[in-house]
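Please look through the structure first, and then follow the questions below.

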Amino acid sequence: MNPEELLNEGNERNKPAADSPLISLERDLKYFNESIKEVAEEIMNEGLSSYPIFIAHQHELSLGELILDRHDLNSEWSIHASTLEEFVERDVIKPVLKERFVKSYKDPYQYMCVFVVVPEGANFVFFPYAK
């Protein structure tokens, strides 16, 4: 899924994008871009996983490890770092769907894989790192 799809740009049937909490997520991801990329590279360089996943949320979550706390940083979203392996182990991604996820996973040096959790549900988005 592209960031534009997640933000519902160009889709008049949904509420206006200005009202969407995902606008603040985009702002936070851009602001924390460098920190998130460093953590992703550390996960890969240390051999923990070839598939880092970042979880963006606005409430308590017990998945992954907290790296950016919205309360401490005066931001709207907290970010946890995780891996594909933890998502499979915790049954967030069913083992039978692991290969499908791997095939759709974008270059982790160019895109952050973000699992966005909102009250309506959760979804993956690949957000490009700033150049």
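Q: How do you know that β1 and β3 count as paired strands?
A: In this predicted model, six bridges join β1 to β3, and the two strands run antiparallel. Two strands pair if there are at least two bridges between them, so six bridges are enough for the term to apply. One of the residues involved is H57, whose bridge partner in β3 is S78.

Q: What makes β2 and β3 a pair?
A: β2 and β3, the latter formed by residues 78-83, are joined in the antiparallel sense over three bridges, and because at least two are needed, they too count as paired. Here L68 has I79 as its bridge partner in β3.

Q: Why are β2 and β5 called edge strands?
A: The five strands form an open sheet with mixed pairing, in the order β2-β3-β1-β4-β5. The edge strands are β2 (65-68) and β5 (121-128), each of which pairs on one side only. Neighbouring strands of this sheet are turned by 35° against each other on average, with direction ignored.

Q: What makes β3 a mostly covered strand?
A: Six of the six residues of β3 are buried, and buried means under 20% relative accessible area. S78, H80 and S82 point one way from the strand, whereas I79, A81 and T83 point the other way, and all are buried. In a regular strand the side chains alternate between the two faces of the sheet.

Q: Which helices lie across or pack on the sheet?
A: Helix α2 (residues 21-31) lies across β1, β3, β4 and β5, and runs at about 145° to β4. Helix α3 (residues 33-45) packs on the sheet and touches β1, β2, β3, β4 and β5, with its direction at about 145° to that of β1.

Q: Why is S75 called buried?
A: S75 has a relative accessible area of 14%, and because buried means under 20%, the term applies to S75. S75 lies in the loop between α4 (70-73) and β3, and, leaving aside its neighbours within four places in sequence, S75 is in contact with D28, F32 and R70.

Q: How do the residues lining the second largest pocket divide into nonpolar, polar and charged?
A: The lining divides into seven nonpolar, two polar and two charged residues. Among the residues of this lining are K94, R100, S104, N123 and F124, and Lys and Arg count as charged, while Phe counts as nonpolar.

Conventions
Residues numbered from 1 in each chain as written. Predicted model: local features only at pLDDT ≥ 70, side-chain atom pairs only at ≥ 80, totals over all residues. Heavy atoms only, no water. Helix = DSSP H or I, 4+ residues; strand = E, 2+ residues; numbered from the N terminus. Axes fitted to C-alpha atoms, helices over the stretch in contact; angles between N-to-C directions. Contact = heavy atoms within 4.5 Å. Buried < 20%, exposed > 50% of the residue type's maximum accessible area, 1.4 Å probe, protein only. 1 Å grid on protein atoms, 1.4 Å probe; cavity = no way out; pocket = protein on both sides within 12 Å on 5 of 7 lines; lining within 4 Å.
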